[in-house]
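Below is a briefing on the chain contacts and nonpolar cores of one assembly. The sequence and structure come first.

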Amino acid sequence: MNLTNNSPVLIPLLFLSTGIMTPVLAMKKEWLARWIALGASAASVALSIFNLIRVINVGKPIHYKLGNWNPSLGIEYVLDHLSAFVILVINAIAFLVLIYAKKSIESELPGKEVPYYASVLLMLCGFNGMMITGDLFNLYVFLEICSLTLYGLIAVGEKKSSMAAFTYLIMGTIAGCFYLLGVGFLYIKTGSLNMADVRAILPFMLDQPAVVIGLCFMTLGLGIKMALFPLHGWLPDAYTYAPSVSSALIAPTGTKVASYVLIRIFYFVFGITFVSKTLPVADIISWLAVVGIIYGSIMAIAQKELKRMLAYSTVAQVGYIGLGIGLANPFGLIGAVLHILNHAVMKACLFLVSGNFRLKLGHSNIFKLDNTIRKKMPWTMAAFTIAALSMVGLPPMAGFFSKWYLALGTIEKGNWLFLAAILVSTLLNAVYFFRILEKVYMKPIDSQSSNTHEQGTYHDHSVKENEETVKRDEVSPSMLFPTLTLAAALVVLGILNAIIVDGVIKYIIPKGL
Amino acid sequence: MIELIIPPAFILLAGALMLPVLPQKTRSYAFIFFSLASLILILTMKDGAILTVSTMNYQLIILKMDALSRVFGIIFAFIATAGGIYSFHIKETGQQCAALLYAGGALGVTFAGDFFTLFIFWEIMAVSSTYLIWSRGTSESQKAGLRYLLFHVLGGGLLFAGILLYLSGPGANIMVTQLKPEMGPGVWLMLLGIIINAAVPPFHAWLSDAYPEATVTGAVFLSAFTTKTAVYVLARVFPGLEILLILGTVMTIYGVVYALLENDIRRILAYHIISQVGYMLAGVGIGTAMAINGAVSHAFSHILYKALLFMGAGVVLHTTGKSTLTEIGGLRKEQPLTFWLYMIAAFSISGFPLFNGFISKSMTVAAAGEAHHEWAMLLMTLAAVGTFLGVGLKLPYFTWLAKDKPADLKVENPPINMHIGMIIVAFFCIFHGLYPKHLYQWLPFPVEWNPFTLHHFVETVQILVFTFIVFWLMRGIITPNTKIALDVDWFYRRPAKFTRKYIVDPWDKSFDVIEAQFYKLAGILAEFGKNPLLIMTKDKKGDTAYSPDRYRPATQTLILTVLGLFIILAIIGLVF
Amino acid sequence: MKLWHWIILGLVTVASIVAEFAGQHGEVSHLPFKIPLFWIWFGAGGSVVLILFGKKLFGPIVEKKEDYYND
């Protein structure tokens, strides 16, 4: 088997096979499930890196025919800079979260490891398939694969997770249906399901109502999956009530894959002139995204619970990506793709931190955090601080650079309102993140729960006693390592962002932009 | 393979970041480790090494190695190491970090190849050095540190404004190259900003004001970096600018005269910094190869012996708690080692043969003579007389030799690392004095001048001996008093009281009013932040706090939203 | 200052004067060297001028009490 030539299909194949085999292999030895998952994930990371290097070397998109059937009858997989890049991001994050998963799953979902890991593997199969395929219907298939597993992964959480998963189920199914309807309309008009084919044929029939409606359907479907305002309603509950590992797996990846598909549809299937000049669809997306940014940030301030706050923060961050897509200029697109990377790393790190809290403190309620956590879990808090600073957008952390490109995109478009929205949201982000930092680093112990402490008695001996009795209670290395790696990655990615943009992202911009 | 070029500044900055997380016992070792690492890096980096980073519009040159920057880099890194040994006993992380940042900033400025990088490191230096003044903790150091910071922010602002103005002009790029003031007002502003950092009168008062208020160990770092990086930049950007020669010559005398009046030993040394920097400025201003060599070698030697002088004064301050000549005396019996190490530096600065001042300061003076600036030469020699009077005679005499120790003066023992640091620096003062080729090899231009001529010996010996004789005869007149000498800072310190009452206070009150209004507004926003959805749903009874269960939109709502959006999109799409 | 200090000082001075006169081989071009014992005059005169100017002339103008700047 020629590894190089078949490399595009290997990753989905790997996940599919391991996902199906896991329940069988791990029937007797349950600990095997986790190792299969880790092994598959590690292999996928290696393959993703291999793919990315391959694309960079070749320079042009690599087309791979599944089973050697020619399109449009056959299914084609396309490996270009964009897909290779996003695939690497998703798989790398998944790998790190899977390392983290062991202790968290043991504490939150005892006894359910085998089906959980199997579902995770299938979900990753779905994601990878969505990202690499060049066929519209094939994408739907993988979309459904990953959606179903996603519902399952969310539903095993705490009490309210069933409701959250059910809402997500409804909305996700609607999303899939809409997308399928859109594909159907396009198929009727163009006669092909292959993205490149459709791209070639569409310019001849852009004024047909069916094409327009098809675009609307697909946009809406993907918008739901992406949690673009106002289609985000399923997200807060889903992310909050899911188990920690699920949140950490899904939050950085799910919406990003949908954003990736949206970029594909807008820029590579319909073509940017249709989407932005002929029809103001891109503009609408960008306006909705901006409202989403502000809305998400404001709602995040109101939250008491850390995971919910992160969920609303995700709505805002997806707004950034939507804004970048909707701007339809090179800077905007660079900003959007860079933000896919940055946000995935940041959110993963933050959700891992909330998982750490849940494991050690039993809760992740913001208002119950206090000074002792600084001593109990210093490394976790250090990772949280770095991730928080990156979310706010302080250089040299990675978050600053994607916001920078987005800002440049808005300036180039001349839309000062968007620029203002970016700046205001940065301030809002600062509010809800620094609130936590202040609680953990500066709030004295017992200032809320104990009534016997008077105002003036915070002098040395009482505080010192408390400080001495607080012992280090950090999470185990398997959980700490991914958290810290992601936090360190933020700094590294920030410093190296010029290399990333120059080496990979610049080639993503389609001609004519 | 790409060679990994690490700017030495980054090593020190990384050190500053790492120090707080290291255990306390290892911090001092780490400090020395990072400084030494950067020194080794500089010594082994080849000429022409360059590191560029492209940002959106500009190509930033973060590192550019050539002879001029290397020699400054070497001495900066070396003195950071020696200072690290001297301050080994410091437990306060803040001071250690600030010192590393400060040294890192100086290295960053030295190796910067473009003006933006230079400016960023310039500002890092300003802020971190202020901390070294503030951490002394006295009320005078608070005020002096604030004045220092304001001055440096002003200077930095002028420099930045100058850079921007210069860049907006025709044919300008951001590379650090020689500029001429005819090029435009931007260049004048840059010159002004740099001159402030070089402590050129009348912009020098921050130095004599703030350095004596710094911490014992902080002052050693302060004496080495700010003014000398300014000298480096002047040598790089404005060599041969005539006005620097005039300013420099004036500076040499100015500093020396004030030093004769002062009482605080570190203030005396601070004024002598101004005087010695004058030599460097004069050398830069003359612009010939020999003059630049002289300025650079003088900077190198000066950093060594000035640091040693401040180290000695620091030991006095550390062991007695006092630093004014009127309150101390006769310390030689208690601290002979400190005394002799100080005297090595004093001999160096006075230009005694066999010490490094002899082989460096005189190069500048001779360059002045060679370039036919006889008046400058004579004035600079006169300043040398004054230098010997102030640093070599007055200061040590009244500190260590004259009269007996005041009875109530307690003298502790200094930690041994302070002496080790001093010994290391003193070693090089003597080493270069005996073997100047070791220093000359690093100078930017080839050295054709030989310091060991008969003329030179005769001149130096005669001056020194007879200055000493005059000092001895007039030592009664020189006896310090407890008065302070007003300098140009009078112009902004004296009016401070009136300015405060009639201009600043009313402003303050109006700001208070505005601030109260803002707090009210912030309160309203905070209430809003607790439950933003109150805008849409007015709750009549019960609590208004946000709770997800109360405000969760029903699934029908979500679906309707999708439907509604679809209809809107479809209408827009079909109509347009 | 002990007596032997003065003796050494005297010897050094004499040595320098001898070296000055012995070392003049006609390379002198600068004015200072044309005046014999120039540097002795310069050193002595310069220090006198500096000290007197500093302490007697300039000092009284700019010197003030230590707490001058305190409010």
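B:Ile484 stands opposite C:Lys64, which belongs to β1(C). The two strands, β3(B) and β1 (residues 63-64) of chain C, are antiparallel and joined by two bridges; strands count as paired if DSSP finds at least two bridges between them. Helices (H or I, at least four residues) and strands (E, at least two) are DSSP runs, numbered from the N terminus.

This is a predicted model, in which local features need pLDDT of at least 70 and side-chain atom pairs count only at pLDDT 80 or more, while totals for chains, interfaces and linings use all residues. Residues are numbered from 1 along each chain as its sequence is written, and chains are lettered from A and ligands numbered from 1 in the order in which they are written.

**Contact of chain B with chain C**

- Chain B contributes 36 residues and chain C 33 residues, where contact requires C-beta atoms, placed from the backbone, within 7 Å.
- On the chain B side, two or more residues each come from α10 (242-261), α15 (374-401), α18 (454-473), α19 (475-478) and β3 (484-485).
- α18(B) gives the most to that side, with 15 residues.
- By type, the side of chain B that touches chain C has 24 nonpolar, seven polar and five charged residues. Nonpolar covers Ala, Val, Leu, Ile, Met, Phe, Trp, Tyr, Cys and Pro, charged covers Asp, Glu, Lys and Arg, and the others, Gly among them, are polar.

**Contact of chain B with chain A**

- Here 22 residues come from chain B and 25 residues from chain A.
- β1 (50-54), α21 (495-530) and α22 (555-575) of chain B each give two or more residues to the side that touches chain A.
- α22(B) supplies the largest share of that side, twelve residues.
- The side of chain B that touches chain A divides into 15 nonpolar residues, six polar and one charged.

**Nonpolar cores**

- A nonpolar core is a set of buried Ala, Val, Leu, Ile, Met, Phe, Trp, Tyr and Cys residues joined through C-beta atoms within 7 Å; buried means 20 or more other C-beta atoms within 10 Å of the residue's own, with C-beta atoms placed from the backbone.
- The largest core has 198 residues, and those touching the most other members include A:Val97, A:Val345 and A:Ala348.
- Helix α14 (residues 330-361) of chain A gives the most to this core, with 19 residues.
- Beyond four places in sequence, the contacts of A:Ala348 include A:Ile93, A:Val97 and A:Leu486.

**Chain B overall**

- Chain B has 22 helices and three strands.
- Of its 576 residues, 53% count as buried.

Notes
Contact = placed C-beta atoms within 7 Å. Buried ≥ 20, exposed ≤ 12 C-beta atoms within 10 Å, placed from the backbone.
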